[in-house]
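Colleague: Please show me the model first, and then let us go through the terms used for it one at a time.

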Amino acid sequence: AGLLTLSVSGAFAGTEGCDPGEMVIKFSHIVNTDKHPKGIAATLLVNRVNTEMDGTACMEVYPNATLYNDDQVLEAMLQGDVQLAAPSLSKFESFTKQFRIFDLPFMFKNMEAVDAFQASDTGQAMKEGMVRRGLLGLEFWHNGMKQITANRPLVLPEDVAGLKMRVQPAEVIIEQMRALNANPQPLAFPEVYGALQTGVVDGQQNTWSNIYGQKFHEVQDGATETNHLLLDYMVVTSVDWWESLDADVRDQFATILHEVTVARNGESERVNQEAKEGILAAGGVVRTLTPEQRQAWVDAMKPVWKMFEADVGADNIAAAQDFNA
Ligand code: LMR
(Lines give C-alpha, C1' and ligand atoms only; values in the text may rest on other atoms or scores of the structure.)
Protein backbone atom coordinates (compact mmCIF):
# COMPACT_ATOMS: atom_id res chain seq x y z
CA ALA A 1 0.00 0.00 0.00
CA GLY A 2 1.35 3.41 -0.91
CA LEU A 3 0.84 6.83 0.57
CA LEU A 4 -1.23 8.28 -2.22
CA THR A 5 -4.77 7.54 -1.21
CA LEU A 6 -4.71 8.85 2.33
CA SER A 7 -8.31 9.16 3.40
CA VAL A 8 -9.82 12.37 2.08
CA SER A 9 -12.07 12.77 5.09
CA GLY A 10 -9.50 11.53 7.57
CA ALA A 11 -12.26 9.29 8.82
CA PHE A 12 -10.32 6.07 8.90
CA ALA A 13 -7.27 5.25 10.90
CA GLY A 14 -4.33 2.91 10.64
CA THR A 15 -4.02 2.63 6.90
CA GLU A 16 -2.02 4.50 4.33
CA GLY A 17 -4.43 3.71 1.53
CA CYS A 18 -4.82 0.68 -0.66
CA ASP A 19 -2.99 -0.21 -3.84
CA PRO A 20 -4.83 -1.24 -6.98
CA GLY A 21 -5.39 -4.98 -6.95
CA GLU A 22 -5.40 -5.29 -3.19
CA MET A 23 -8.55 -6.71 -1.64
CA VAL A 24 -10.04 -4.01 0.59
CA ILE A 25 -11.28 -5.10 4.01
CA LYS A 26 -13.35 -2.41 5.69
CA PHE A 27 -13.62 -2.67 9.46
CA SER A 28 -16.19 -0.39 11.07
CA HIS A 29 -16.41 0.14 14.83
CA ILE A 30 -17.72 2.77 17.20
CA VAL A 31 -14.99 3.44 19.76
CA ASN A 32 -11.67 5.27 19.89
CA THR A 33 -8.45 3.78 18.56
CA ASP A 34 -6.01 4.08 21.43
CA LYS A 35 -7.64 3.86 24.87
CA HIS A 36 -10.22 1.17 24.29
CA PRO A 37 -9.62 -2.60 24.23
CA LYS A 38 -11.51 -2.93 20.92
CA GLY A 39 -9.94 0.15 19.35
CA ILE A 40 -6.42 -0.96 20.31
CA ALA A 41 -7.05 -4.47 18.98
CA ALA A 42 -8.40 -3.05 15.72
CA THR A 43 -5.32 -0.87 15.33
CA LEU A 44 -2.99 -3.82 15.90
CA LEU A 45 -5.01 -5.88 13.41
CA VAL A 46 -4.90 -3.26 10.67
CA ASN A 47 -1.17 -2.75 11.13
CA ARG A 48 -0.42 -6.44 10.91
CA VAL A 49 -2.71 -7.09 7.94
CA ASN A 50 -1.33 -4.14 6.00
CA THR A 51 2.25 -5.24 6.64
CA GLU A 52 2.00 -8.99 6.39
CA MET A 53 -0.60 -9.15 3.62
CA ASP A 54 0.74 -6.18 1.64
CA GLY A 55 -0.01 -6.65 -2.04
CA THR A 56 -2.87 -9.06 -1.28
CA ALA A 57 -5.13 -7.34 1.19
CA CYS A 58 -5.56 -3.88 2.60
CA MET A 59 -7.58 -3.08 5.68
CA GLU A 60 -9.28 0.23 6.38
CA VAL A 61 -10.51 0.83 9.92
CA TYR A 62 -13.31 3.32 10.51
CA PRO A 63 -13.48 4.03 14.27
CA ASN A 64 -15.82 6.26 16.32
CA ALA A 65 -18.91 5.32 14.28
CA THR A 66 -17.58 7.39 11.36
CA LEU A 67 -18.88 4.78 8.90
CA TYR A 68 -21.69 2.95 10.69
CA ASN A 69 -23.30 2.72 14.09
CA ASP A 70 -23.62 -0.71 15.66
CA ASP A 71 -27.30 -0.82 14.76
CA GLN A 72 -26.51 -0.35 11.05
CA VAL A 73 -23.27 -2.22 10.57
CA LEU A 74 -24.62 -5.77 10.40
CA GLU A 75 -27.09 -4.87 7.66
CA ALA A 76 -24.29 -3.07 5.80
CA MET A 77 -22.19 -6.20 6.13
CA LEU A 78 -24.90 -8.35 4.60
CA GLN A 79 -25.04 -5.85 1.73
CA GLY A 80 -21.28 -6.26 1.23
CA ASP A 81 -20.48 -2.65 2.16
CA VAL A 82 -18.26 -3.58 5.09
CA GLN A 83 -16.38 -6.80 5.77
CA LEU A 84 -15.58 -6.72 9.47
CA ALA A 85 -17.19 -5.36 12.63
CA ALA A 86 -17.05 -6.10 16.34
CA PRO A 87 -20.36 -5.08 17.91
CA SER A 88 -21.04 -5.95 21.52
CA LEU A 89 -22.78 -9.28 22.01
CA SER A 90 -25.83 -7.30 23.15
CA LYS A 91 -26.27 -5.93 19.63
CA PHE A 92 -26.98 -9.20 17.83
CA GLU A 93 -30.54 -9.37 19.13
CA SER A 94 -32.18 -9.49 15.72
CA PHE A 95 -29.90 -12.34 14.63
CA THR A 96 -29.72 -14.63 17.66
CA LYS A 97 -30.96 -14.95 21.21
CA GLN A 98 -28.05 -17.20 22.23
CA PHE A 99 -25.87 -14.28 23.22
CA ARG A 100 -28.37 -13.22 25.83
CA ILE A 101 -26.45 -15.37 28.31
CA PHE A 102 -23.61 -12.83 28.20
CA ASP A 103 -25.98 -10.03 29.22
CA LEU A 104 -27.37 -11.76 32.30
CA PRO A 105 -26.23 -9.80 35.36
CA PHE A 106 -23.50 -11.40 37.49
CA MET A 107 -23.28 -14.41 35.14
CA PHE A 108 -19.47 -14.40 35.05
CA LYS A 109 -17.38 -13.62 38.08
CA ASN A 110 -14.36 -12.47 36.09
CA MET A 111 -12.78 -12.49 32.63
CA GLU A 112 -11.14 -15.88 33.24
CA ALA A 113 -14.60 -17.39 33.59
CA VAL A 114 -15.66 -15.62 30.36
CA ASP A 115 -12.59 -16.99 28.57
CA ALA A 116 -13.24 -20.51 29.78
CA PHE A 117 -16.91 -20.43 28.75
CA GLN A 118 -16.13 -18.98 25.32
CA ALA A 119 -13.41 -21.58 24.74
CA SER A 120 -15.82 -24.43 25.58
CA ASP A 121 -17.68 -26.28 22.82
CA THR A 122 -20.81 -24.27 23.69
CA GLY A 123 -18.98 -20.98 23.35
CA GLN A 124 -17.19 -21.94 20.14
CA ALA A 125 -20.44 -23.15 18.56
CA MET A 126 -21.92 -19.69 19.15
CA LYS A 127 -19.59 -18.27 16.50
CA GLU A 128 -21.51 -20.26 13.89
CA GLY A 129 -24.94 -19.66 15.36
CA MET A 130 -25.85 -16.95 12.83
CA VAL A 131 -24.55 -18.61 9.67
CA ARG A 132 -27.98 -19.21 8.24
CA ARG A 133 -28.63 -15.48 8.70
CA GLY A 134 -25.47 -14.74 6.70
CA LEU A 135 -23.10 -13.81 9.53
CA LEU A 136 -20.06 -15.70 10.78
CA GLY A 137 -18.42 -15.00 14.12
CA LEU A 138 -14.63 -15.18 13.96
CA GLU A 139 -13.43 -14.29 17.47
CA PHE A 140 -14.67 -13.00 20.80
CA TRP A 141 -12.99 -9.74 21.82
CA HIS A 142 -13.04 -8.55 25.41
CA ASN A 143 -13.78 -5.25 26.94
CA GLY A 144 -14.58 -6.04 30.58
CA MET A 145 -17.11 -5.62 33.34
CA LYS A 146 -19.59 -2.74 33.46
CA GLN A 147 -19.98 -0.21 36.22
CA ILE A 148 -23.02 1.97 36.81
CA THR A 149 -23.00 5.78 36.73
CA ALA A 150 -25.61 8.48 37.33
CA ASN A 151 -26.07 12.14 38.05
CA ARG A 152 -26.44 11.31 41.75
CA PRO A 153 -24.65 8.93 44.12
CA LEU A 154 -25.54 5.25 43.71
CA VAL A 155 -24.77 2.96 46.61
CA LEU A 156 -27.75 0.64 46.80
CA PRO A 157 -30.06 -0.59 44.02
CA GLU A 158 -32.87 1.60 45.41
CA ASP A 159 -30.81 4.62 44.39
CA VAL A 160 -31.44 3.82 40.70
CA ALA A 161 -35.21 3.57 41.11
CA GLY A 162 -37.04 6.01 38.87
CA LEU A 163 -33.92 7.15 37.02
CA LYS A 164 -33.75 7.26 33.23
CA MET A 165 -30.87 4.97 32.42
CA ARG A 166 -29.33 4.59 28.97
CA VAL A 167 -29.04 0.97 27.89
CA GLN A 168 -27.86 -0.84 24.81
CA PRO A 169 -30.92 -1.91 22.82
CA ALA A 170 -31.11 -5.48 24.18
CA GLU A 171 -34.02 -7.17 25.94
CA VAL A 172 -31.99 -8.62 28.79
CA ILE A 173 -30.42 -5.28 29.60
CA ILE A 174 -33.78 -3.54 29.45
CA GLU A 175 -35.19 -6.09 31.93
CA GLN A 176 -32.10 -5.79 34.10
CA MET A 177 -32.79 -2.06 34.42
CA ARG A 178 -36.47 -2.71 35.10
CA ALA A 179 -35.43 -5.07 37.90
CA LEU A 180 -33.81 -2.02 39.48
CA ASN A 181 -37.09 -0.12 38.99
CA ALA A 182 -35.25 2.23 36.63
CA ASN A 183 -36.57 3.53 33.35
CA PRO A 184 -34.41 1.98 30.57
CA GLN A 185 -33.68 4.22 27.57
CA PRO A 186 -32.10 2.47 24.58
CA LEU A 187 -29.69 4.83 22.82
CA ALA A 188 -26.88 4.46 20.32
CA PHE A 189 -23.44 4.76 21.87
CA PRO A 190 -22.37 8.03 20.15
CA GLU A 191 -25.47 9.75 21.56
CA VAL A 192 -24.87 8.86 25.19
CA TYR A 193 -22.57 11.72 26.20
CA GLY A 194 -24.97 14.38 24.92
CA ALA A 195 -27.95 12.65 26.50
CA LEU A 196 -26.17 12.57 29.88
CA GLN A 197 -25.02 16.15 29.54
CA THR A 198 -28.44 17.53 28.72
CA GLY A 199 -30.27 15.35 31.24
CA VAL A 200 -32.20 13.39 28.60
CA VAL A 201 -30.98 10.42 30.64
CA ASP A 202 -29.74 10.38 34.24
CA GLY A 203 -27.22 7.59 34.00
CA GLN A 204 -25.80 4.63 32.14
CA GLN A 205 -23.69 1.52 32.64
CA ASN A 206 -20.42 0.76 30.92
CA THR A 207 -16.83 -0.38 31.35
CA TRP A 208 -14.13 1.93 32.71
CA SER A 209 -12.64 2.26 29.23
CA ASN A 210 -15.95 3.42 27.77
CA ILE A 211 -16.70 5.76 30.67
CA TYR A 212 -13.24 7.30 30.34
CA GLY A 213 -13.06 7.21 26.54
CA GLN A 214 -16.41 8.97 26.21
CA LYS A 215 -15.76 11.30 29.16
CA PHE A 216 -19.00 10.20 30.86
CA HIS A 217 -17.36 10.93 34.23
CA GLU A 218 -17.43 14.63 33.33
CA VAL A 219 -21.21 14.66 33.15
CA GLN A 220 -22.01 12.21 35.95
CA ASP A 221 -21.87 12.46 39.73
CA GLY A 222 -19.77 9.31 39.91
CA ALA A 223 -19.37 5.66 39.02
CA THR A 224 -20.20 2.77 41.33
CA GLU A 225 -17.96 -0.26 41.01
CA THR A 226 -20.52 -3.04 40.61
CA ASN A 227 -18.89 -5.23 37.91
CA HIS A 228 -22.44 -6.41 37.31
CA LEU A 229 -22.47 -7.00 33.57
CA LEU A 230 -20.07 -8.14 30.90
CA LEU A 231 -19.24 -6.07 27.84
CA ASP A 232 -17.82 -8.36 25.20
CA TYR A 233 -17.70 -8.28 21.41
CA MET A 234 -17.83 -10.64 18.51
CA VAL A 235 -15.61 -10.00 15.52
CA VAL A 236 -18.01 -10.84 12.74
CA THR A 237 -17.97 -11.08 8.97
CA SER A 238 -20.39 -12.14 6.27
CA VAL A 239 -20.51 -15.77 5.23
CA ASP A 240 -20.54 -14.66 1.58
CA TRP A 241 -17.37 -12.63 1.87
CA TRP A 242 -15.57 -15.24 3.96
CA GLU A 243 -16.37 -17.98 1.48
CA SER A 244 -15.26 -15.80 -1.45
CA LEU A 245 -11.68 -15.68 -0.13
CA ASP A 246 -8.92 -17.94 -1.45
CA ALA A 247 -8.16 -20.54 1.21
CA ASP A 248 -4.58 -19.37 1.76
CA VAL A 249 -5.65 -15.72 2.10
CA ARG A 250 -8.42 -16.69 4.50
CA ASP A 251 -6.03 -18.79 6.58
CA GLN A 252 -3.44 -16.04 6.78
CA PHE A 253 -6.06 -13.50 7.79
CA ALA A 254 -7.63 -15.85 10.35
CA THR A 255 -4.22 -16.57 11.89
CA ILE A 256 -3.38 -12.88 12.25
CA LEU A 257 -6.82 -12.18 13.70
CA HIS A 258 -6.48 -15.01 16.20
CA GLU A 259 -3.04 -13.88 17.34
CA VAL A 260 -4.29 -10.32 17.78
CA THR A 261 -7.27 -11.65 19.74
CA VAL A 262 -5.15 -13.64 22.18
CA ALA A 263 -2.69 -10.79 22.68
CA ARG A 264 -5.28 -8.06 23.18
CA ASN A 265 -7.81 -10.05 25.23
CA GLY A 266 -4.97 -10.65 27.66
CA GLU A 267 -4.52 -6.89 28.03
CA SER A 268 -8.15 -5.79 28.25
CA GLU A 269 -8.27 -5.72 32.05
CA ARG A 270 -5.15 -3.58 32.20
CA VAL A 271 -6.66 -1.12 29.68
CA ASN A 272 -9.75 -0.84 31.88
CA GLN A 273 -7.74 -0.37 35.07
CA GLU A 274 -5.76 2.39 33.38
CA ALA A 275 -9.03 4.03 32.35
CA LYS A 276 -10.28 3.85 35.94
CA GLU A 277 -7.07 5.52 37.10
CA GLY A 278 -7.54 8.13 34.39
CA ILE A 279 -11.04 8.88 35.69
CA LEU A 280 -9.71 9.30 39.23
CA ALA A 281 -6.83 11.46 38.04
CA ALA A 282 -9.32 13.68 36.22
CA GLY A 283 -11.25 14.21 39.46
CA GLY A 284 -13.95 11.63 38.75
CA VAL A 285 -15.59 9.83 41.66
CA VAL A 286 -15.45 6.04 41.97
CA ARG A 287 -17.57 4.43 44.70
CA THR A 288 -16.70 0.97 45.91
CA LEU A 289 -19.18 -1.31 47.63
CA THR A 290 -18.98 -3.34 50.81
CA PRO A 291 -19.75 -7.06 50.33
CA GLU A 292 -23.24 -6.45 51.83
CA GLN A 293 -23.95 -3.54 49.49
CA ARG A 294 -22.80 -5.56 46.50
CA GLN A 295 -25.02 -8.45 47.55
CA ALA A 296 -28.00 -6.08 47.46
CA TRP A 297 -27.30 -5.43 43.73
CA VAL A 298 -27.00 -9.16 43.10
CA ASP A 299 -30.30 -9.84 44.86
CA ALA A 300 -32.06 -7.09 42.90
CA MET A 301 -30.88 -8.24 39.47
CA LYS A 302 -30.57 -12.02 39.71
CA PRO A 303 -34.32 -12.66 39.09
CA VAL A 304 -33.67 -11.64 35.47
CA TRP A 305 -31.97 -14.99 34.86
CA LYS A 306 -35.26 -16.89 35.14
CA MET A 307 -36.89 -14.62 32.56
CA PHE A 308 -34.39 -15.62 29.88
CA GLU A 309 -33.63 -19.19 30.89
CA ALA A 310 -35.68 -20.57 27.99
CA ASP A 311 -33.76 -18.40 25.48
CA VAL A 312 -30.28 -19.25 26.63
CA GLY A 313 -30.80 -22.76 28.06
CA ALA A 314 -30.64 -23.80 31.70
CA ASP A 315 -27.80 -26.17 30.79
CA ASN A 316 -25.77 -23.29 29.34
CA ILE A 317 -26.33 -21.22 32.47
CA ALA A 318 -25.18 -24.18 34.56
CA ALA A 319 -22.11 -24.60 32.33
CA ALA A 320 -21.26 -20.90 32.65
CA GLN A 321 -21.63 -21.11 36.43
CA ASP A 322 -19.23 -24.06 36.57
CA PHE A 323 -16.53 -21.75 35.24
CA ASN A 324 -17.10 -19.41 38.19
CA ALA A 325 -16.23 -22.13 40.69
C1 LMR B 1 -22.16 0.51 24.10
O2 LMR B 1 -23.00 0.73 23.23
O3 LMR B 1 -22.21 0.99 25.25
C4 LMR B 1 -20.99 -0.38 23.77
O5 LMR B 1 -21.35 -1.35 22.87
C6 LMR B 1 -19.90 0.44 23.19
C7 LMR B 1 -18.77 -0.43 22.72
O8 LMR B 1 -17.79 -0.54 23.47
O9 LMR B 1 -18.85 -0.98 21.62
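This is a predicted model: local features need pLDDT of at least 70, side-chain atom pairs count only at pLDDT 80 or more; totals for chains, interfaces and linings use all residues.

Colleague: What makes F106 count as buried?

Modeller: A residue is buried if 20 or more other C-beta atoms lie within 10 Å of its own, exposed if 12 or fewer, and partly exposed in between, with C-beta atoms placed from the backbone. F106 has 20 C-beta neighbours inside 10 Å, and therefore it counts as buried.

Colleague: What sets the phi of F106 apart?

Modeller: Phi of F106 is positive, about 60°, although F106 is not a glycine. Most residues other than glycine have a negative phi. N64 is another residue other than glycine with a positive phi, near 55°, and N64 sits in the loop between strand 2 (57-62) and helix 2 (70-78).

Colleague: How do you know which residues K302 is in contact with?

Modeller: Two residues are in contact if their C-beta atoms, placed from the backbone, lie within 7 Å. Leaving aside neighbours within four places in sequence, that gives K302 contacts with P105 and F106. K302 itself belongs to the loop between helix 12 (291-301) and helix 13 (304-312), and because K302 has 15 C-beta neighbours inside 10 Å, it counts as partly exposed.

Colleague: What tells you how the buried residues of helix 4 are placed around its axis?

Modeller: In helix 4 (residues 111-119) the buried residues are V114, F117 and Q118. They cover an arc of only 95° around the axis, which puts them on the same side of helix 4; the arc is that of the directions from the helix axis to the C-beta atoms. The exposed residues E112 and A119 are carried by the face turned away from that buried side, and what covers the buried residues includes helix 5 (121-126), strand 4 (135-150), strand 8 (222-238) and helix 14 (314-322).

Colleague: Which residues surround the ligand?

Modeller: The ligand is surrounded by I30, V31, K38, S88, N143, Q168, F189, N206 and N210, where a residue is near a molecule if its C-beta atom, placed from the backbone, lies within 6 Å of it. This shell divides into 3 nonpolar, 5 polar and 1 charged.

Colleague: How do you know what radius of gyration a compact globule with 325 residues would have?

Modeller: The globule rule is 2.2 Å times the number of residues to the power 0.38, with the radius of gyration taken over C-alpha atoms. For 325 residues a compact globule would be near 20 Å, and the protein has 20 Å, which agrees.

Colleague: What is the mean pLDDT of the protein?

Modeller: The mean pLDDT, the predictor's confidence in each residue from 0 to 100, is 94, and 95% of the residues reach 70 or more. Over residues 1-11, however, pLDDT stays under 50.

Technical notes:
Residues are numbered from 1 along each chain as its sequence is written. Helices (H or I, at least four residues) and strands (E, at least two) are DSSP runs, numbered from the N terminus. Ala, Val, Leu, Ile, Met, Phe, Trp, Tyr, Cys and Pro count as nonpolar, Asp, Glu, Lys and Arg as charged, and the others, Gly among them, as polar.
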